[in-house]
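I opened a new entry today. I want to note what I looked up, one item at a time.

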Amino acid sequence: MEELNARVNALIRRKDFKGSSSITFAEITVDTQAKEVLSDDKKITLTKKEYELLLYFIINKNRLLSQQAIAEHLWGDNYDMNDNYNFVYMHIKNLRRKLISSIGNDYIKTVYGMGYKWTANQ
């Protein structure tokens, strides 16, 4: 399983990150091997789910993501055990708060009734 996981991660890295182990958006750099998020060489401390959510947003920048799609990505097949998506809202709220306090920008845009979008446009 460990080797399979390493191979899948390598494929994803080659596809999404063009061979690099880090991805950059504006002043945010995500190191996928160290699982660290940096802003101007300062570490931003995130939980595992917040890190996964940030990476998912950056990979899907400028795309509208529904709460269901986010929940399915973060929790896999277990996302449908809940009757609502308040847990998605809470993780987005926490991620947004940490990004604003660290970098001063909020790249997560709420599209009411539809979902969320990661964008540099205000």
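**Notebook: first look**

I began with burial: buried residues (under 20% relative accessible area, 1.4 Å probe, protein chains only) make up 34% of the 122 residues in the protein chain. This is a predicted model, where local features need pLDDT of at least 70, side-chain atom pairs count only at pLDDT 80 or more, and totals for chains, interfaces and linings use all residues. Residues are numbered from 1 along each chain as its sequence is written, and side-chain values use heavy atoms, with hydrogens and water left out.

**Elements**

I looked up the fold elements next. The protein chain has four helices and seven strands; helices are DSSP runs of H or I with at least four residues, strands runs of E with at least two, numbered from the N terminus. Their order from the N terminus is α-β-β-β-β-α-β-α-α-β-β.

**Helix 3 and helix 4**

How do the axes of helix 3 and helix 4 cross? I found that they come within 9 Å and cross at roughly 80°. The axes are lines fitted to C-alpha atoms over the stretch in contact, with angles from 0 to 180 degrees between N-to-C directions. Helix 3 and helix 4 are therefore roughly perpendicular (65 to 115 degrees). Gln67, Ile70, Ala71 and Trp75 in helix 3 meet Phe87, Val88, Tyr89, His91 and Ile92 in helix 4, with contact meaning heavy atoms within 4.5 Å.

**Positive phi**

I checked two loop residues. Ala26 lies between strand 1 and strand 2, and its phi is near 55°. Ala26 counts as exposed at 53% relative accessibility (over 50%). Asn62 sits in the loop between helix 2 and strand 5, with phi near 65°.

Terms used
Parallel < 35°, antiparallel > 145°, perpendicular 65-115°, else oblique.
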